[in-house]
Amino acid sequence: MGVLAVRHDLASAGAVRAELAADLTAQGVPPSACDDAVLVASELVGNAVVHCAAAGRDLEVSWDVGDADITVRVTDPSEALPAARQAALTATSGRGLAIVEALSAEWGVDVAPDGGGKQVWARVPVSSARGATA
């Protein structure tokens with residue numbers, strides 16, 4: 001299991017991508033699954049930064065590698081639930097959750113019962129990732 005605390009800043013997505021890619025590669029995760037998990041993590045971090053009013057508070061990013069999937073989680077202090085949007089063809093944003101949904105076997109949100117924020121998670125398949133072979 002990997003855990004990384006990052007600042008509530010868009011630049012944090014780059015740090016998450018680098019750390020996650022290095023860890024998954026070291027664990028022997030196929031490159032296509034690694035790419036998918038890194039993109040999903042980046043989108044989840046970006047969404048947390050853009051849609052969570054938590055300046056000055058850290059986000060926690062964690063991941064587990066199983067035989068069948070990689071579970072990526074981003075925890076933030078906001079209780080606001082993510083909502084998929086229909087982005088216009090010319091829009092430069094608004095596709096994050098569509099990307100997460102396309103690359104994940106499933107995704108969801110767990111809200112802390114004490115009002116302590118939420119955790120958005122996604123399970124990225126290892127064996128059926130784009131271009132992977134059995």
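**Notes on the predicted model**

1. Asp 76 and Lys 118 are both buried. This is a predicted model, and the remarks below should be read with that in mind. The side chains of Asp 76 and Lys 118 form a salt bridge, with 2.9 Å from N to O. The pair joins distant parts of the chain: Asp 76 belongs to strand 3 (residues 69-76) and Lys 118 to strand 5 (residues 118-125), 42 residues apart.

2. How many salt bridges are there? The count is three. Side chains of opposite charge can pair when their charged atoms come close.

3. Another salt bridge is formed by the side chains of Arg 123 and Glu 106, at 2.8 Å from N to O. This pair also links distant parts of the chain, with Arg 123 in strand 5 and Glu 106 in strand 4 (residues 106-111), 17 residues apart. Arg 123 counts as partly exposed because its relative accessibility is 27%. Glu 106 is likewise partly exposed, with a relative accessible area of 40%.

4. Arg 73 and Asp 64 make a salt bridge whose closest N and O atoms are 2.7 Å apart. Is Arg 73 buried or exposed? Arg 73 is buried, with a relative accessible area of 18%, and the cut-off for buried is under 20%. Asp 64, at 24%, is partly exposed.

5. Ser 62 lies in strand 2 (residues 59-65). Its relative accessible area is 2%, so Ser 62 is buried. Apart from neighbours within four places in sequence, Ser 62 is in contact with Met 1, Gly 2, Val 3, Thr 71, Val 72 and Arg 73. Arg 73 in that list is the partner of Asp 64 in the salt bridge of point 4.

6. Helix 1 (residues 12-26) has 15 residues, which at 1.5 Å a residue should span 21 Å; the end C-alpha atoms are 21 Å apart, so the two values agree. After helix 1 comes Gly 28, with a positive phi near 80°.

7. Which residues of helix 1 are buried? They are Ser 12, Ala 13, Val 16, Leu 20 and Leu 24. These residues lie on the same side of helix 1, because they cover an arc of only 95° around the axis. An α-helix has 3.6 residues a turn, so residues three or four places apart point the same way. Thr 25 and Ala 26, on the other side of helix 1, are exposed. The cover over the buried residues of helix 1 includes strand 1 (2-6), helix 2 (31-51), strand 2 and strand 3.

Notes: Residues are numbered from 1 along each chain as its sequence is written. This is a predicted model: local features need pLDDT of at least 70, side-chain atom pairs count only at pLDDT 80 or more; totals for chains, interfaces and linings use all residues. Side-chain values use heavy atoms; hydrogens and water are left out. Helices (H or I, at least four residues) and strands (E, at least two) are DSSP runs, numbered from the N terminus. Buried means under 20% relative accessible area, exposed over 50%, partly exposed in between (1.4 Å probe, protein chains only). Contact means heavy atoms within 4.5 Å. A salt bridge is a side-chain nitrogen of Lys or Arg within 4 Å of a carboxyl oxygen of Asp or Glu. The expected span of a helix is 1.5 Å times one less than its number of residues. The arc is that of the directions from the helix axis to the C-beta atoms.
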